[in-house]
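Here's a quick tour for anyone meeting this structure for the first time. Have a look at it below, and then we'll walk through a few of its parts.

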Amino acid sequence: MSQSNLYIDIGNSAIKWRTSDSKVFSEDIENFSITALNQSSTAWLSAVAHSDIVQDITTHFETINIIKPQKIFGNLTLSYDDPSMLGADRPPAMLGAINHFPNNPLLVIDIGSAITFDVIDKNGLHHGGLIMPGIKALRGSFEKFKTSDLSISLKGYANNTDDAWKQGTYSMMISAINHQIESFQSNFSDGVVTVCGGKVKEIKKELPKSIELFDNLVLDGLESYSQSMG
């Protein structure tokens, strides 16, 4: 069996993994099979859900390192009084951003089932963050209007209730994200905004051109963390 590392990011709706030669694979949760994972003796894993899949993966490798947030996380110092309450994917995403921009304050935005915002200064000190509902949660938040339609686009005012709800929830999400970006940039003139998550490519046209987009920031952070742990 290969002695290389495998980096695994288990989200709410999809799983991504990266091999030591930087090849990235992705699969929806409902279609995932553990046999798809590349052979490796050691795995580094971040999981926000699906404990059953995590359990299966632990039996698949000689060594498994399941990420648990702690006060000092690589080059990052977390601000939470109880770091275990921080989502397991957020510290790796922050560490990934630090790895790309080690000398700048950072706003790390992850747009997925939930939307998270984390601010880090240039010394790697976490200043705290926010959690907001993603588009699926917003669309289902009002019984009278809820819909499973997750299509997203801004087309102005609508002429029927269904479209008005879809347009309104999408506008709410975009406005909230852009407000946080503007607030961060007003406080950190040399700051960098990094954005990742499953919805990024669909909404990037609504965001400032100055942002930095990443497909695999959590995997970047997992790899960086593994290197810091020797």
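## Two hairpins to start with

Let's begin with a hairpin: strand 1 is joined to strand 2 through 3 residues. Keep in mind as you look around that this is a predicted model. Strand 1 covers residues 5-10 and strand 2 covers residues 14-19, and the two pair in the antiparallel sense over 5 bridges. Along that pairing, Ile 10 stands opposite Ile 15 in strand 2.

Ile 15 also has a bridge partner in strand 3, namely Glu 27. Strand 2 and strand 3 pair over 5 bridges, in the antiparallel sense. They form a hairpin too, with 4 residues between them, and Ser 22 in that turn has a positive phi of about 75°.

## The sheet around them

So where do these strands end up? What is the order of the 5 strands in the open sheet? Reading across, it goes 3-2-1-4-5, with mixed pairing. As a general point, strands of a sheet pair through backbone hydrogen bonds, and they can do this in a parallel or an antiparallel way.

Strand 3 (24-28) and strand 5 (63-66) sit at the edges; each has a single partner strand, so one side of each is left without a neighbour in the sheet. On average, neighbouring strands here are turned by 20° against each other, ignoring direction.

The parallel part comes from strand 4 (residues 42-47) and strand 5, which are joined by 4 bridges. In that pair, Leu 45 has Ile 66 of strand 5 as its bridge partner.

## Helix 4 and what it packs against

Next up is helix 4, residues 161-187. At the start of the helix, a side-chain oxygen of Asn 160 comes to within 3.3 Å of the backbone nitrogen of Asp 162.

Helix 4 has a number of buried residues, including Trp 165, Tyr 170, Met 173, Ile 177, Asn 178 and Phe 184. The buried residues of this helix pack against several elements, among them strand 9 (114-120), strand 10 (126-133), helix 3 (135-139) and helix 5.

## A loop residue that meets the helix

Leu 207 lies in the loop between helix 5 (200-203) and strand 12 (212-213). Is Leu 207 buried or exposed? Its relative accessible area is 7%, under the 20% cut-off, so Leu 207 counts as buried.

Leaving aside residues up to four places away in sequence, Leu 207 touches Ile 177 and Asn 178, both of which are buried residues of helix 4. Leu 207 and Ile 152 are 55 residues apart in sequence, and their C-alpha atoms are 14 Å apart in space.

Notes
Residues numbered from 1 in each chain as written. Predicted model: local features only at pLDDT ≥ 70, side-chain atom pairs only at ≥ 80, totals over all residues. Heavy atoms only, no water. Pairing = 2+ DSSP bridges. Axes fitted to C-alpha atoms, helices over the stretch in contact; angles between N-to-C directions. Buried < 20%, exposed > 50% of the residue type's maximum accessible area, 1.4 Å probe, protein only. Contact = heavy atoms within 4.5 Å. Polar contact = N/O pair within 3.5 Å; in protein donor to acceptor, adjacent residues only side chain to side chain.
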